[in-house]
Amino acid sequence: MDAVKVLVSFKIKNEDLDFAVEYLKEFAKLTMNNPGCISAEFLKDNANDNQFYFIELWKNKNALTTHVQSDYFKEYAPFFAFHFDELTVRQMTSLTEKTPD
C-alpha cells in the first residue's frame, strides 16, 4: 500500500480561539507520536486568524484508519464538532514532490 496524504482544513470559532489552539497542539503531538504517522503539521493561515490546517502523511490507509479509531482521536472528536466551523478532510495525491537528498 502507498502512503496516504491528508489535508484537514477548518476554522475555529472566535470565542474559542486561544483555548482551541493550545488544545490542538496537544492533539498534534499525539498524532505525530502515532507509529503510522510519517509526518504531521498543524498550520495557521497568515491571512485569517481563524483558519487552520493539519497536513499529515501516513504510511498507508491502515495507519490512517488506526489513527482515526484510536482512543486519543475519539477523545478529541467531540471537541472538533463543538469548536470547528467549515471542517473539510481530504485525502490528497502528490503530483510533484521534493525528496531529501
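Trainee: What makes H67 buried?
Mentor: Buried means under 20% relative accessible area, exposed over 50%, partly exposed in between (1.4 Å probe, protein chains only). H67 has a relative accessible area of 2%, so H67 is buried. Bear in mind that this is a predicted model: local features need pLDDT of at least 70, side-chain atom pairs count only at pLDDT 80 or more, and totals for chains, interfaces and linings use all residues. Residues are numbered from 1 along each chain as its sequence is written, and side-chain values use heavy atoms, with hydrogens and water left out.

Trainee: Which residues is H67 in contact with, leaving aside neighbours within four places in sequence?
Mentor: F27, T31, N34, E56, W58, Y72 and F73. Contact means heavy atoms within 4.5 Å.

Trainee: Where is H67 found?
Mentor: In helix α2. Helices (H or I, at least four residues) and strands (E, at least two) are DSSP runs, numbered from the N terminus. The buried residues of α2 are A63, L64 and H67.

Trainee: Why are they said to be on the same side of α2?
Mentor: They cover an arc of only 100° around the axis, which puts them on the same side of α2. The arc is that of the directions from the helix axis to the C-beta atoms. Their cover includes β1, α1, β3, α3 and β4 (84-92).

Trainee: Why is the pair F27 and Y76 called tilted?
Mentor: Rings of Phe, Tyr and Trp (its six-membered ring) pair if their centres lie within 6.5 Å; planes under 30 degrees apart count as stacked, over 60 as edge-to-face and the rest as tilted. By this rule there are 19 aromatic pairs. For F27 and Y76, the centres are 5.0 Å apart and the planes make 50°, hence a tilted pair. It joins distant parts of the chain: F27 sits in helix α1, Y76 in helix α3, 49 residues apart.

Trainee: How do you know that F80 and F84 are stacked?
Mentor: Their centres lie 5.2 Å apart, with 20° between the planes. That angle is under 30 degrees, so the pair counts as stacked. F80 is buried at 10% relative accessibility, and F84 at 9%.

Trainee: What makes K13 lie over the face of F82?
Mentor: A charge sits over a ring if NZ of Lys or CZ of Arg is within 6 Å of the ring centre and within 35 degrees of the ring normal. K13 is at 5.4 Å from the ring centre of F82 and lies over its face.
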